[in-house]
Amino acid sequence: MAGPMPAFARDLVDRLRRRGLRLGVDDCVTLRTALAAGHGLHSTEALGALCVALWATSRRDAEIITSTLHLVAPPDWSLEPLERVAGETRPAAEIPVESPAGRELEPVPDAREADLDVTRPALRGGGADPPRSGRPAPYLITRPQYPMSEREIAQAWRRLRRPSRHGPRTELDVEATVARYAKTGVVTAPVLMPRRINSARLLLLIDRQGSMTPFHNFVDHVTRSIVRAARLDSITIGYFRNSLGRSPDRSTMADLTDPLAVELDTIIDRIPPLTKGWIYDDPDLTRRRPARKVLDTLTAGAGVVIVSDAGAQRGSLVATRIFDAVALGLAVNARRARVCWLNPLATDRWAETSAAQIARHIPMFPLDRDGMYAAVDVLRGRPVSVAAPL
């Protein structure tokens, strides 16, 4: 029996769980067993190396474990080894060395003391020594910490599936094989069929620059995670600024009862789908192509996700921007694709902005874990309630 988990280890596990590491009972038992066997007990670095070896699955996990370890209160590793000399107990670093003539020489520093890294913080309530020039302290995280990990993003988008069979015939079709044998009475080669694959397709349209500048790194992190781990048939990424394009005909806005109104419910049936505009292939917005050509590549059942603050960052309420966003949604619907909107700002920031009006026509969700799960449900065909659907 390995015994109970030390208090500092329980604190460490709780902190790591709050920072996104999925540690279970088996992980705790493994650490407890290793500590009971004497591993990782001679220094804080050894304990950190043990935890990294047991729990880290990536460099990011290792950085989180190393930094979190210095936030808990592990045992005091700074006690110097003691050695008995002539009936007196002295630290090994201060043991005098006598010359052959009997003269006492200067104390010889212990090799372990000479190799001690001065950048490690003191663990007995003292402050950390300043790091050496040009090298960050090992307990500091130098990588950005986003609200969602790549694993959480992948888990959400792997739910976007459209299973279909196409390609080479490699799987056994049991029913067809039995039916042919029952019909002919002759044992022949089995009937094969293509294997089932995920044929879901996704078009990501990302607002860039302007009010979206503070969210560039986070949106790039989400985009990379989807591309790497979503396992979709195809993912196309396009960029735009503020609006994908201008509606070809805004004359219907003159029919609004109130010229200053921004609700388009009474004219939504007469808004023409978006046909003009530009989509950029790079985040710097230097290489563009007509938006219509990109939208024409959409197939029935494909998913379109628009990532934009829709004016919520600056609190703007612009009727023409709402009109053009509705026209874009109608253009997607005309191609029998599904569309939703992800907003990097929280829902309470949408009030009295263009975002709140666009959300009345196009399903809009915050760019967080729950919002991405809801967006995937929309792209899978689950009905969603909006005030004035397109």
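Which residues have the most contacts inside the largest nonpolar core? They are Trp157, Leu202, Val305, Leu342 and Met372, and the core they sit in has 73 residues. Keep in mind that this is a predicted model.

**The overall picture**

- The protein has 390 residues, and 41% of them are buried.
- You'll find 12 helices and 11 strands in it.
- Take the contacts with a separation of 6 or more: 71% of those come from residues 24 or more positions apart.
- The accessible surface is about 21,900 Å², with 52% of that belonging to carbon and sulfur atoms.

**Helix α10 up close**

- Of the 16 residues in α10, 13 are buried, so the helix is mostly covered.
- From first C-alpha to last, α10 reaches 23 Å, which is close to the 22 Å expected at 1.5 Å a residue.
- Just after α10 comes Arg336, with a positive phi of about 60 degrees.

**Two residues with positive phi**

- Arg336 has its positive phi although it is not a glycine, and it's found in the loop between α10 and β10 (338–343).
- Is Arg336 buried or exposed? It counts as exposed, because its relative accessibility is 65% and the cut-off for exposed is over 50%.
- Asn242 is another residue other than glycine with a positive phi, here near 65 degrees.
- Where does Asn242 lie? Look in the loop between β6 (234–240) and β7 (278–280).
- Asn242 has a relative accessible area of 36%, so it is partly exposed, a label that covers values between the 20% and 50% cut-offs.

- Leu172, Val174, Val178 and Leu192 make a nonpolar surface patch of about 340 Å².
- Val178, one of the residues in that patch, is found in helix α7, which runs over residues 174–184.

Definitions and conventions. Residues numbered from 1 in each chain as written. Predicted model: local features only at pLDDT ≥ 70, side-chain atom pairs only at ≥ 80, totals over all residues. Heavy atoms only, no water. Core = buried A, V, L, I, M, F, W, Y, C linked by side-chain atoms within 4.5 Å. Buried < 20%, exposed > 50% of the residue type's maximum accessible area, 1.4 Å probe, protein only. Patch = residues over 30% accessible without salt bridge, like charges linked within 9 Å, V, L, I, M, F, W, Y side chains within 5 Å. Areas by Shrake-Rupley, 256 points an atom, 1.4 Å probe, with all protein chains shown as cover. Salt bridge = Lys/Arg side-chain N within 4 Å of Asp/Glu carboxyl O. Helix = DSSP H or I, 4+ residues; strand = E, 2+ residues; numbered from the N terminus. Contact = heavy atoms within 4.5 Å. Expected span 1.5 Å × (residues − 1).
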